[in-house]
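Me: I am new to this structure and would like to know what stands behind the words used for it. Please set each value against its definition.

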Amino acid sequence: MPAEILDGKAIAKQIQAETKQKVANFVAAGGPQPKLAAVLVGEDPASQVYVRNKERACKRAGIDSELVRMPGDTTTEQLLEKVNQLNADSAVSGILVQLPLPDQIDARLVLDTVDPNKDVDAFHPHNVGLISQGRHRFLPCTPHGIVQMLKRYNIETTGKNVCVIGRSDIVGKPMAMMLSGYGIGLGGEFANATVTLCHSRTADLPSTVAQADIVVAAIGRPKFVTADMLKPGAVVVDVGINRTDDGLVGDVDFDAAMQVASYVTPVPGGVGPLTVTMLLENTLAAAIQQHDA
Ligand code: NDP
């Protein structure tokens with residue numbers, strides 16, 4: 001029997017409707033309208049699409065948004081000045097700096113300069129530290145979207161073997177941290193896993209993947225995870241977005257995985273829509289926290 005598709009698009013729609021209602025309730029109770037400021041440096045086509053999608057999603061949820069466009073030759077100092085302006089602007093609840101930034105910019109310094117209270121991507125070291133201690137202020141959007149998807153499909157992770165492939169600060173590392181934690185604020189059933197975090201120096205990746213009940217692939221290599229690597233009945237979450245001549249392709253060989261796994265996320269329409277959705281949740285959370293402070 002083929003696997004069931006984890007429909008990220010449908011889950012995203014459901015969560016966005018909930019967020020819209022929460023925003024309306026917050027504003028009706030006297031709160032300010034949440035506002036997301038997105039900073040886009042340069043003309044990277046994929047970044048333009050991502051930022052546009054984020055703006056549209058904000059609008060649908062009743063969240064105000066501002067797109068700050070800066071030229072491709074912007075310096076670190078100019079970008080820091082803009083970030084500091086947004087930090088000081090009380091109408092801005094959340095700030096996101098769209099990655100990747102041009103090479104001449106010190107991206108680490110820029111991300112470290114975003115006010116941790118407005119850091120809706122949860123990239124600031126304060127926020128990463130809080131997540132590692134199980135007392136998050138914000139959860140990073142992609143891993144949080146994945147947890148929400150597992151949750152809404154009742155795929156519990158407690159006691160399960162999870163293999164996360166990829167150790168980036170944006171996806172792999174926080175995913176491993178969240179799934180191996182106590183699940184505070186997530187529902188403990190959706191954490192408490194035994195997690196193995198793999199990367200390009202992992203000695204025998206196929207045998208590690210083969211033991212996993214849940215595989216999260218965040219590598220950036222088209223169809224890297226093949227059916228022969230997977231344990232029958234595994235849950236396969238494909239984070240990868242790879243632009244190929246055949247269009248967008250994930251890090252998992254989708255058709256093959258469908259024959260072996262129990263659940264598989266498609267690309268597109270899997271994890272991607274949830275990433276944007278959790279950004280809205282974080283922007284609302286930021287507005288609420290700032291209002292309550
Ligand atoms: P990075 O390039 O930052 O990290 C990739 C990771 O994969 C690294 O840890 C790298 O290992 C590991 N890796 C690369 N090659 C291999 C290999 N042959 N075997 C094992 N591990 C390997 O990528 P991101 O985490 O930012 O993104 C991963 C993918 O997810 C991309 O396709 C990206 O577009 C997509 N993405 C999708 C999102 C969504 O919303 N759906 C959001 C964010 C990203 P090492 O550290 O050793 O180099």
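**Cysteines, sheets and helices**

Reply: C58 is buried, at a relative accessible area of 0%. The model is a predicted one, in which local features need pLDDT of at least 70 and side-chain atom pairs count only at pLDDT 80 or more, while totals for chains, interfaces and linings use all residues. Residues are numbered from 1 along each chain as its sequence is written, and side-chain values use heavy atoms, with hydrogens and water left out.

Me: Why is C58 called buried?

Reply: Buried means under 20% relative accessible area, exposed means over 50%, and partly exposed is in between (1.4 Å probe, protein chains only). C58 has 0%, so C58 counts as buried.

Me: What makes C141 buried or exposed?

Reply: The relative accessible area of C141 is 5%. That value is under 20%, so C141 is buried.

Me: How many disulfides does a search of the whole structure find?

Reply: The search finds 0. C58 is in no disulfide, and the nearest cysteine sulfur, in C141, is 11 Å away.

Me: Where is T74 found, and why does T74 count as buried?

Reply: T74 is in the loop between β3 (64-70) and α3 (76-88). Helices (H or I, at least four residues) and strands (E, at least two) are DSSP runs, numbered from the N terminus. T74 has 2% relative accessibility, which is under 20%, so T74 is buried.

Me: Which residues is T74 in contact with, leaving aside neighbours within four places in sequence?

Reply: Contact means heavy atoms within 4.5 Å. On that basis T74 is in contact with V41, L79, Q104 and I105. A polar atom of the T74 side chain also lies 2.5 Å from the backbone oxygen of P71.

Me: What is the order of the open sheet of 3 strands?

Reply: The order is β3-β2-β4, with parallel pairing. β3 and β4 (94-97) are the edge strands, as each pairs on one side only. On average, neighbouring strands of this sheet are turned by 15° against each other, direction ignored.

Me: How do you know that β2 pairs with β4?

Reply: Two strands pair if DSSP finds at least two bridges between them. Strand β2 (residues 35-41) is joined to β4 by 4 bridges, so the two strands pair.

Me: Which strands does α3 lie across?

Reply: α3 lies across β2, β3 and β4, and runs at about 165° to β3. Axes are lines fitted to C-alpha atoms, for helices over the stretch in contact, and angles run from 0 to 180 degrees between N-to-C directions.

Me: In what order do the 6 strands of the other open sheet come?

Reply: They come in the order β1-β11-β8-β7-β5-β6, and the pairing is parallel. The edge strands are β1 (4-5) and β6, each pairing on one side only. α7 packs on this sheet, touching β5, β6 and β7, and its direction makes about 170° with that of β6.

Me: What makes β5 and β6 a pair?

Reply: β5 and β6 are joined over 5 bridges in the parallel sense, and at least two are needed, so they pair. In β6, T194 is the bridge partner of N161, and V195 is that of V162.

Me: What kind of unit do β5, α7 and β6 make?

Reply: They make a right-handed β-α-β unit. A crossover is right-handed if, with the strands pointing away from the viewer, the path from the first strand over the helix to the second runs clockwise.

Me: Why is A210 called partly exposed?

Reply: A210, in helix α8 (residues 205-210), has 35% relative accessibility. That lies between 20% and 50%, so A210 is partly exposed.

Notes
A polar contact is a pair of N or O atoms within 3.5 Å; within protein, one must be able to donate a hydrogen and the other to accept it, and residues adjacent in sequence count only if both atoms are side-chain atoms. A disulfide is a pair of cysteine sulfur atoms within 2.5 Å.
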